[in-house]
Amino acid sequence: MRRLIVSYVTKTIDILARCSLHRNQWIGHNKMAGAQLKAEPRWADLPTELITAIADRLGLIDLLRFRSVCKSWHCAASRCSAHIESSPDFEPWFILYGEDSQCILLTGSGKSKSQKKYNINIPEFNGATCIASRDGWLLLQQETTIFFFCPFSRSRIDLPQFPNSEQHDYIGAFSSPPTSKDCIVCVVCKNDKWEVEVQLLYRGSYEWTMHKFSCYRYTFKQIKAVAYQVDEKKFHIFDEINGLIMFTPEDGNWKILRILDASSNKSREDVERLPFHLWRESFKMESMKAKLGLAGDVSIDTCGTVVSGGRRNYIHDMVFFNENISQQSDSQSQSRRLKGAWIEPRFYEISPEVSWDL
């Protein structure tokens with residue numbers, strides 16, 4: 001029965017959306033037949049329970065179309081528990097942006113035939129940079145403005161103003177969704193003094209707190225990923241090679257380590273097991289430039305994400321690293337630089353009253 005409902009709705013959503021666009025013209029044309037028009041059943045008059053039950057069984061793209069049919073469908077769909085997955089193998093989707101508010105969304109797994117490309121308009125991306133992604137939420141920064149954003153529901157949670165700094169190339173992470181009372185936001189960069197700077201913000205707090213760690217004596221390269229380990233309650237900061245810094249917000253403790261090749265260190269008892277699976281070159285390995293239709297002269301900076309390992313029967317979460325894909329053209333003046341972000345296809349509808357305050 002569930003499959004029949006989903007199949008029926010999927011086939012009719014496009015028709016319903018088109019009908020809703022011409023609804024006013026149709027009513028005007030039938031103005032003379034007022035009595036007869038009132039007797040006609042309307043899609044908006046369907047029981048709310050039925051509409052919600054259907055919406056709760058839709059995929060993310062179909063759900064967005066479903067919401068556009070009419071106001072009653074939009075409201076009913078907003079109440080559905082839409083923890084939506086992208087495909088059977090649970091690969092994250094990819095959003096390309098960087099030129100005003102026009103974006104490209106690439107859905108589905110790179111290994112499946114269901115992968116599709118959509119052109120969408122998201123004003124929140126205009127002038128912004130994604131510095132963290134997890135659980136379907138993006139952390140976007142526009143200079144000192146920083147906020148959480150779910151591009152599928154357009155839900156937004158503004159954070160306190162980010163401290164002014166001369167540093168760039170920020171990369172972030174958060175311990176849990178921004179609607180959680182225990183959410184901690186961590187924004188990291190490496191300054192010119194061989195120090196790793198961490199800015200922390202706790203849910204309900206109005207001020208960022210600065211923490212610094214000197215890595216002058218250590219070899220720690222450009223930061224490429226930050227992830228929070230729930231059981232250990234630590235942020236893990238990865239560089240582009242094999243450097244790892246662990247930071248514990250509770251006591252401000254730092255620890256620097258080196259990631260070793262697992263195949264050559266299975267017998268060593270003094271080696272700590274890394275609580276993550278690392279994916280360093282997902283954009284490159286998946287040939288994403290070709291799939292997005294990008295020319296060779298396009299450079300792109302990507303923001304990684306953290307995906308629950310349980311969805312692919314992994315023991316630990318998967319960490320997708322940031323990547324910097326350089327253009328192939330010899331002429332620097334003609335190159336285009338775009339941005340992109342990996343994101344889990346989740347839909348979160350929050351009340352307008354929800355804010356960073358507790």
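Student: Leaving aside neighbours within four places in sequence, which residues is Asn 322 in contact with?

Tutor: This is a predicted model. In it, Asn 322 is in contact with Ile 171, Lys 224, Thr 302, Cys 303 and Gly 304, its neighbours within four places in sequence being left out.

Student: Where is Asn 322 placed?

Tutor: Asn 322 is in the loop between β19 (317-320) and β20 (323-325).

Student: Why is Asn 322 called buried?

Tutor: The relative accessible area of Asn 322 is 17%. Buried means under 20%, so Asn 322 is buried.

Student: Ile 171 was one of the contacts of Asn 322. Which strands make up the sheet with β8 (171-174)?

Tutor: The sheet is open and has four strands in the order β8-β9-β10-β11, with antiparallel pairing. Its edge strands are β8 (171-174) and β11 (209-214). From one strand to the next the twist averages 20°.

Student: What makes β8 an edge strand?

Tutor: β8 pairs on one side only, as does β11.

Student: How do you know that β8 and β9 pair?

Tutor: Four bridges are found between β8 and strand β9 (residues 184-190), in the antiparallel sense. Pairing takes at least two bridges, so these strands pair. Among the partners, Gly 172 bridges to Val 187 in β9, and Phe 174 stands opposite Val 185.

Student: Why are both faces of β8 said to be covered?

Tutor: Ile 171 and Ala 173 lie on one side, Gly 172 and Phe 174 on the other, and all are buried. In a regular strand the side chains alternate between the two faces of the sheet.

Student: Lys 224 was also among the contacts of Asn 322. What is the strand order in the sheet that has β12 (223-229) as an edge strand?

Tutor: The order is β12-β13-β14-β15, an open sheet of four strands with antiparallel pairing. β12 (223-229) and β15 (253-258) are the edge strands, each pairing on one side only. Neighbouring strands are turned by 20° against each other on average, direction ignored.

Student: How do you know that β12 pairs with β13?

Tutor: Six bridges join β12 to strand β13 (residues 234-239). The requirement is at least two, so β12 and β13 pair, and they run antiparallel. In β13, Phe 238 stands opposite Ala 225.

Note on methods: Residues are numbered from 1 along each chain as its sequence is written. This is a predicted model: local features need pLDDT of at least 70, side-chain atom pairs count only at pLDDT 80 or more; totals for chains, interfaces and linings use all residues. Side-chain values use heavy atoms; hydrogens and water are left out. Buried means under 20% relative accessible area, exposed over 50%, partly exposed in between (1.4 Å probe, protein chains only). Contact means heavy atoms within 4.5 Å. Axes are lines fitted to C-alpha atoms, for helices over the stretch in contact, and angles run from 0 to 180 degrees between N-to-C directions.
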